[in-house]
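Here is a walk through one structure, taken helix by helix. Keep the 3D view open as you read.

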Amino acid sequence: MVFSIGIDDIFYSYLRYKLSWDDKPYGWYNGLGCAFSSITIIFLYPYLHRKKNVNDVMLSIYGLIARITILLMFAFLFSSWWAYMALIPTAFTRFILTGLRAASSRLVEDNEQGKLFSLISVINGIMSIAATLIFNGFYPLTLSFFSGTVFLVVAGLCLIPIMLLL
């Protein structure tokens with residue numbers, strides 16, 4: 001959650017810095033990304049889960065691999081078409097939390113699921129504040145030597161949850 005929220009916090013600034021995007025191209029990009037990921041989570045996730053018997057944890061790992069791919073693409077961003085190519089793996093990033101929530105719901109009794117999802121929501125709120133402070137503080141420091149540093153660091157850190165899930 002920290003990685004996702006933190007990257008989202010600096011994403012507009014990064015695209016403005018690297019590609020001189022303003023609100024309009026960013027809005028189109030963000031809208032297309034949301035549309036693709038929504039279509040993927042509505043249709044592809046259930047298909048893979050039910051028809052191909054891929055479990056929720058593996059689908060989360062696929063989402064994390066997609067997230068790493070996006071982060072590497074944006075670390076070395078050089079043009080608008082490259083940014084739009086990143087929409088392909090972006091479609092799979094919602095697999096991460098969907099899969100983890102589905103898997104965690106199976107670990108508790110039905111009458112405890114409300115508590116579980118309340119806890120996840122509280123953690124999400126705390127992580128949102130922490131991510132904003134960390135990423136908005138760290139990102140400007142990297143602009144003088146390599147603007148994609150944050151993306152590379154987060155891509156490396158995303159390997160930790162993959163290893164834990166495996």
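Start where two helices touch. In α1, the residues V2, F3, I5, G6, I7, D9, I10, S13, Y14 and Y17 meet a set in α7: N124, M127, S128, A131, T132, F135, N136 and Y139. By class, this contact holds eleven nonpolar residues, six polar ones and one charged. Bear in mind that the model is predicted.

Now look at how these two helices are set against each other. Two packed helices are described by the angle between their axes and the distance between the axes. Helix α1 spans residues 2-19, and its angle with α7 is about 40°. The axes of α1 and α7 are 7 Å apart. The crossing of α1 with α7 is right-handed.

Stay with α7, and turn to its other partner here, α6. Helix α7 covers residues 113-142. The angle between α6 and α7 is about 145°, and their axes lie 10 Å apart. This crossing, too, is right-handed. On the α6 side, R101, S104 and S105 take part. They meet Q113, L116, F117 and I120 in α7. The contact of α6 with α7 has three nonpolar, three polar and one charged residues.

Next, follow α6 to α2. Helix α2 runs over residues 23-51, and α6 over residues 95-105. Their packing angle is about 50°, with 11 Å between the axes. That angle makes α2 oblique to α6. The crossing of α2 and α6 is right-handed. Which residues in α2 and α6 meet? From α2 come T40, I41, L44, Y45 and L48; from α6 come F95, T98, G99 and A102. Six residues of this contact are nonpolar, three are polar and none is charged.

Charged pairs come next. Side chains of opposite charge can pair when their charged atoms come close. How many salt bridges does a search of the whole structure find? The search finds two. D56 belongs to helix α3 (residues 56-75), while R106 sits in the loop between α6 and α7, so the pair ties together parts that are 50 residues apart in sequence.

An unreviewed UniProt entry carries the annotation "transmembrane region" for residues 26-47, 59-78, 116-139 and 145-165. Take two of these spans in the model. Residues 59-78 are 85% helix and 0% strand, and the end C-alpha atoms of this span lie 30 Å apart. Residues 145-165 are 76% helix and 0% strand. The end C-alpha atoms of residues 145-165 lie 34 Å apart.

Terms used
Residues numbered from 1 in each chain as written. Predicted model: local features only at pLDDT ≥ 70, side-chain atom pairs only at ≥ 80, totals over all residues. Heavy atoms only, no water. Axes fitted to C-alpha atoms, helices over the stretch in contact; angles between N-to-C directions. Helix = DSSP H or I, 4+ residues; strand = E, 2+ residues; numbered from the N terminus. Parallel < 35°, antiparallel > 145°, perpendicular 65-115°, else oblique. Left-handed = near helix turned anticlockwise from the far one by under 90°. Contact = heavy atoms within 4.5 Å. Nonpolar A, V, L, I, M, F, W, Y, C, P; charged D, E, K, R; others polar. UniProt positions renumbered as here; feature names shortened; annotations may be inferred. Salt bridge = Lys/Arg side-chain N within 4 Å of Asp/Glu carboxyl O.
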